[in-house]
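Hello,

Here is the structure for you to look through. My notes on it follow below.

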Amino acid sequence: MPIFDLSDKSPSLLGRVVAVDTRRVTINVEPARLPHARVGKLVAIRTANPVEEWLIAMVDRVQRALAEPDRRDKDAKESPGPSGTTVLEREINSVVVVLVGSVCARKGTKTNVFSRSFIDVPDIDAWCYALEDKELQRFMGLLSKEAASTKALDLGVYTLDPKATAYVDGDKFFQRHAALLGSTGSGKSWTVATILERAKELPSANVVVFDLHGEYSSLSYASHLRVAGPDDIGKTDSTLLYLPYWLLNSEELQAMFIDRSEFSAHNQVMVFQDQVLASKRRKLEAIKKNDVISALTINAPVPFGIDEVMAALKELNEEKEQGERGMKQGKFFGQFSRLLVRMGAKLGDKRYGFMFQGPPDLQKYEALHGIASQLMDWTEKNHRIKVIDFSEVPADVLSVIVGLVARLIYQVQFWTPQASRVPVALVCDEAHLYLPQRSETDAPERRALENFERIAKEGRKYGVALLVVSQRPSDVSDTILSQCNNFLALRLTNGADQAKVKGLMPDSLEGFMDMLPVLDIGEALIVGDAVLLPSRVRITAPSENDRPRSATIEFWSEWARTGRTPALVQAVENMRRQSRRSS
Ligand SMILES: Nc1ncnc2c1ncn2[C@@H]1O[C@H](COP(=O)(O)OP(=O)(O)O)[C@@H](O)[C@H]1O
Ligand SMILES: [Mg+2]
């Protein structure tokens, strides 16, 4: 049986090849056949290969032009020209297609093989056919068969042929980072849930979801961790994630406390770092961790006492020394006053309690073992998919904290002996919030970005992948997005965002990417090495009980409800005692 039953009598015949420019091929199409050509549709062009072989291409542009006037042409229409003359015009319709692969009847021992590569290019005058009905189904069937394997991640069906399952190569999808981009409400969170639902079936899956708004708290198969909020302080519960301040590296600590605009900032940094290092050393000496001491740096994730550091700063801040004419102010006198006030305020603020007011055990050397297991142990019940809820983290430290968690995961993975390393994927929802495109070098966001940039560049070697999810691709760091090799682009309405996404794609796909604003909800353009060809896919919705909860507040509907009473006194009191729990 031939691959395609197509001949120059077929109704799906488009026309002949008139120009070939590497991957772009121009087809001359009779006006009557033009309806068969639509952007995004697939076409087949027979090669001269004696074994049956077809080049597969995607329609990128459909254009109509008027040809040179030709008086002998009997199809030409008469139309009035300038100054009353009559000009004969002929309509020429051309369709530009982009080659995406080839199907060959025989390749080695295999029959009817689709491949992304092609050796032959079309001959001028070769016939070109639109792939429709039976032929399209046959091709999509080949494609699905080719892509279905143990590493296949089933995401949905092709829009072109809803009977054909759209698989992506799960290895390639995560190997070199992926991005999931689309306007608000286009279906990003649902797509994430569908991917998680597939991943959870794998016995050693290891996925960590950064959930900024508590949208994924309903997933039944996941383990849920929440960065402790003001109401949780004092509680110990394995679902609460405390991130003690001593996990912060020197830059992050500085971002937390030091105001660079102060004239004494330089001295503050210097003395602060000295004191932190000294305190870390004292703690390690007390438990005789000599091998750790010998490698100790300011950035080592080792407990220190912030109270000790503050006490030392206070002393220097008030120090007087003997001068020639009596006592005079010490070298740092008064330089740390504002720093100490800032530190005191942060340490006492319950919103930062997950760092400064955690249970006492978190000051122990072993505490990091527990945190690492909360974040990374996929063997515990429901731990293949871990959702970390950052919704209670104050906005001013959000990027530092998300960056910290990413860094911890990366570092633990880096230092895991290779034989017991299981790859981990980080799903970065709402990435524009902590991976911004523009950030000043001193801004706290810079710190988060550095952590993620390192993962983007080096994570592949150690099995750490990113799935960057955002509704504002134009606001997401270029360094991060340009490292992504696979893209799931859902509907995108904003021009700047469309331009950004197009800029990340090969030029040959420009026409294909023009579909971005017209995609349906839950429909995606998938491009990258994980798919056999750039495709428009209808993503399967996640199971009914495991759907992300939208964090969107419905103003109008809320306003439409009756019988509500304000609780303002309680709100004010909660504000004062920093707790939403009723007392
Ligand atoms: N694959 C899909 N199939 C059907 N409906 C979908 C799909 N994805 C999303 N939707 C609909 O769109 C809504 C918004 O989806 P969501 O994933 O929350 O969007 P986003 O995260 O992009 O803002 C969902 O509540 C659902 O009704
Ligand atoms: Mg969402």
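**Notes on the structure**

Helices α7 and α8 are roughly antiparallel to each other, because their angle falls in that class (over 145 degrees; under 35 is roughly parallel, 65 to 115 roughly perpendicular, the rest oblique). α7 covers residues 306-318 and α8 covers residues 337-348; they pack at about 155° with their axes 10 Å apart. Their crossing is left-handed (the near helix is turned anticlockwise from the far one by less than a right angle). On α7 the contact is made by I306, M310, L313, K314 and N317, and on α8 by S337, L339, L340, M343 and L347 (contact: C-beta atoms, placed from the backbone, within 7 Å). By class, this contact has seven nonpolar, two polar and one charged residues (Ala, Val, Leu, Ile, Met, Phe, Trp, Tyr, Cys and Pro are nonpolar; Asp, Glu, Lys and Arg charged; the others, Gly among them, polar).

This is a predicted model: local features need pLDDT of at least 70 and side-chain atom pairs pLDDT 80 or more, while totals for chains, interfaces and linings use all residues. Residues are numbered from 1 along each chain as its sequence is written, and chains are lettered from A and ligands numbered from 1 in the order in which they are written.

Around ligand 1 there are 14 residues, of which G187, K188, S189, W190 and G522 come nearest (a residue counts if its C-beta atom, placed from the backbone, lies within 6 Å). Helix α3 (residues 188-199) gives the most to this shell, three residues. The shell has five nonpolar, eight polar and one charged residues.

Regards

Technical notes
Axes fitted to C-alpha atoms, helices over the stretch in contact; angles between N-to-C directions. Helix = DSSP H or I, 4+ residues; strand = E, 2+ residues; numbered from the N terminus. Contact = placed C-beta atoms within 7 Å.
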